[in-house]
Amino acid sequence: MKPPLAVLSICALVTARPWPAMAEAFLTEGASWQLQADWGWSLGATLLAFLLLEVVVLGLYWRQQSTTPLLLRLGLAQLRVLAFAVLFLMLSRASLAFFRVGLPYLPILVDDSLSMTAADTYDLATADSLRRTLNLASGEPISRWRIVQGLFGPSGKGVWERLAKQYRMRAHLLERPNEGTPLEVTTLPWLQDHQPQTPRTELGSAIRRLLEAYAGSSPAALVVVTDGINTEGPGLAEAARWSRTANVPLFFIALGQEVTAPDAELRDLAVQDPVFVGDLAIFNCTLEAKRLKGQKLQVALKEEGQAQPLQTVEVVPSDDNFRQLLTLTHRPTQVGIRRFVVELTPTVEESNQDNNRLERTITVTDEKIRVLLAASGPSYEFRFLRNLLARERTVELRTHLQEADPGHSQQDSLALESFPIRREELMWFDVVILMDINPALLGRVGLESLAAAVDPPDATEETTGLSLIVVAGPRFLPGALVKTPLEKLLPVDLAPVLAPVGQSGISGAFRPRPTPAGLGFPGLQLADWPTESQAVWEHLPPLYWHAVLGPAKAGARVLLEHPDLLGPDNRPVPLVAFQYFGKGAVLIHGFDETWRWRWRVGDVFFGRYWLQTLRFLARGKLGARDKRPILSTNKREYQFGEPVSLRLVFPEGLRPPAGDTVTLLVRFGEGKPQPVTLSRSAAANGIFEGTLSRPPVGTHRIWYPDPTRPGQDVTADFRILPPTGEFSRLETDIQAMRQAAEMTGGLVLRPWEISRLPELLPRGQSLPLEALPPWPLWNSWPILLLFVILLSVEWILRKTAGMA
């Protein structure tokens with residue numbers, strides 16, 4: 001306890017001693033005193049002795065025969081007892097010991113695990129109360145970490161100022177509980193820039209380490225700012241037992257909601273770039289919905305700046321943890337750089353509406369595709385396809401017939417006299433179509449050149465190989481490609497092919513059936529909507545011949561399959577398969593009868609299929625000719641804590657910046673853009689590389705603000721996955737916090753109740769810091785004077801009352 005200032009002044013006066021240390025202690029943090037004595041008796045024996053003395057003295061005065069009033073005799077007895085008490089005080093060598101004391105400790109543990117980045121939905125009254133308490137902007141998402149920043153920001157300053165007068169506060173992060181920061185009345189400005197990074201929540205272990213760190217300090221309480229979610233190690237129940245043993249109550253500031261907030265998120269938007277005028281641009285993305293079962297969600301595709309959606313799909317989640325791949329399509333009609341938006345409009349309020357919008361910039365072009373169409377002879381498939389491509393203004397066509405008459409190239413301006421066998425000549429084309437050709441007439445050199453054109457062995461970062469289409473026929477392909485340089489390029493295995501050279505394959509009416517992968521392939525989109533496209537495939541005119549292709553190779557995609565015939569792997573026989581190979585792409589056709597799709601409708605489906613397929617395959621080389629910087633990450637998804645490798649490539653012919661660095665901008669979630677610096681690679685002048693270390697969980701965008709192309713920034717997206725378990729449960733564990741608080745004598749408060757904290761916390765014990773000079777009572781003249789005065793007053797009163 002602190003002695004009153006008047007007591008200290010009297011002590012200094014009557015003892016004639018200066019007490020500067022005592023005055024300093026009182027005026028700064030404070031001082032306490034304690035009575036010390038060299039007394040051999042126990043406290044119980046001493047109290048019993050005084051009780052007996054009291055009884056004896058009272059008995060003596062009671063039995064005395066006198067006319068003195070009873071009350072006076074009792075008063076005289078008490079004076080005699082007090083005199084004996086002073087005598088015992090002097091005999092015990094009693095003294096007053098003074099100590100300089102400090103304020104009791106109040107550690108504060110702040111949960112900075114990744115679950116604190118979650119945003120919650122509150123009812124209107126609670127949300128308004130939170131915004132007023134923490135001075136949050138209207139409409140700002142209320143994440144748990146934003147609440148922490150508000151509590152320790154200017155809006156919470158008054159609470160901490162009041163507590164600073166009663167406690168010595170230190171703030172600790174869950175990530176580093178043994179490292180504390182003094183919590184001054186200026187709060188914690190560094191906390192405003194800190195972001196949750198701890199990949200797991202070990203609340204019990206953190207509380208135990210704090211209790212051990214403050215073992216000799218007797219903290220008044222332990223305040224824990226958390227959502228109560230413990231993912232590893234001991235839980236709050238064990239922590240409460242340790243706290244009760246240490247006599248430290250737990251006070252929780254509980255963040256978040258007890259139930260998961262409804263939330264819908266769009267992510268992983270993908271679209272081919274560039275897109276040709278009139279072609280179908282396919283936008284694929286993933287919709288994830290939590291606690292929105294039965295709600296109608298609308299996802300719209302819009303062009304930026306346009307209010308009218310280009311397409312809208314409606315999704316009704318079938319459960320509370322719903323995920324679905326969405327496909328939206330649009331046929332652009334104008335050339336240029338176009339920005340599209342995929343936007344979700346939920347029918348209920350969400351916890352975080354910032355994840356309801358994705359954007360992508362694509363190039364809509366009408367640039368001509370360079371196509372080489374080669375065949376052994378003028379089949380129906382060759383003639384119809386040749387005429388279609390010759391009429392198409394976006395295609396620059398060259399043809400070659402192996403069995404054409406001499407002089408055919410002089411009669412047909414599109415025909416080549418011979419098949420190009422030099423790789424440099426082949427690289428001029430974007431797509432090469434081999435329609436049942438005789439590989440023997442191309443020679444080993446020609447086949448090797450074609451394989452090298454698909455996957456150039458000396459390819460650089462900006463090099464793109466051409467695309468190859470192999471169309472099977474009854475005479476040569478695909479069986480004649482066995483043991484040739486082109487065999488390894490094909491997306492199917494040729495070993496079990498059932499139709500060798502010279503045989504007719506398998507006949508009989510059938511309709512190719514699109515696979516799930518085929519329904520997402522641009523060439524197979526024969527209508528504007530996926531459901532309509534699938535219906536078209538079901539009603540196309542039947543085909544009557546096909547080669548039996550072998551099973552698809554690893555990494556290849558089967559686009560069309562036979563509806564009835566099974567292959568040696570007990571799966572439907574592939575009819576059309578596709579794969580990327582090195583820097584190029586290869587597609588194989590198991591039939592040569594697409595011309596039958598023209599029956600009664602002309603080029604509607606035949607033309608759409610071939611033009612869309614050619615444009616899809618040509619995009620790689622067209623993009624290389626576009627001479628735009630290429631921004632990429634080494635993969636799309638990363639585990640938390642994994643570095644993100646960034647690369648910006650300026651293709652050959654595009655001048656890179658003069659300096660040794662370039663600056664990108666990255667936006668983490670919906671935060672403000674932050675600069676990222678890439679350095680020029682030592683391997684090439686036009687390549688800049690860099691790394692992002694420990695980006696936060698979520699979907700992020702990075703872009704290069706190209707000064708030479710205003711408004712045409714090069715962008716890339718990547719996603720940081722949450723650690724296993726940290727986001728598997730987001731409901732605030734209020735029950736566990738209440739049980740732990742009740743077990744230790746603490747309380748659970750919500751953020752809007754933070755102003756009550758100073759009144760609810762226990763006072764705590766002051767900490768002795770330094771022993772001050774003691775004041776001996778037993779040999780001081782004031783005590784002796786008091787003893788004499790007590791005896792003198794008693795003697796005078798006895799004489800006055802006429803007592804013996």
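Buried here means under 20% relative accessible area, exposed means over 50%, and partly exposed is what lies in between (1.4 Å probe, protein chains only). The model is predicted, so local features need pLDDT of at least 70 and side-chain atom pairs count only at pLDDT 80 or more, while totals for chains, interfaces and linings use all residues. Residues are numbered from 1 along each chain as its sequence is written, and side-chain values use heavy atoms, with hydrogens and water left out.

Close-up 1. Helices (H or I, at least four residues) and strands (E, at least two) are DSSP runs, numbered from the N terminus. Ile783, Phe787, Leu790, Glu794 and Arg798 are the buried ones to look for in helix 19. They sit on the same side of the helix, because they cover an arc of only 60 degrees around the axis, taken from the directions from the helix axis to the C-beta atoms. Helix 3 (43-63) and helix 4 (70-91) are included in what covers the buried residues.

**Close-up 2. Threonine 515 in its loop.** This loop runs between strand 21 (513-514) and helix 14 (516-519). Threonine 515 is buried, at 8% relative accessible area. Leaving aside neighbours within four places in sequence, threonine 515 is in contact (heavy atoms within 4.5 Å) with Val558, Leu559 and Glu561.

**Close-up 3. Asparagine 438, another loop residue.** Here the loop links strand 18 (431-435) and helix 13 (439-454). With a relative accessibility of 18%, asparagine 438 counts as buried. Beyond neighbours within four places in sequence, asparagine 438 has Ser376, Gln402 and Phe476 as contacts.
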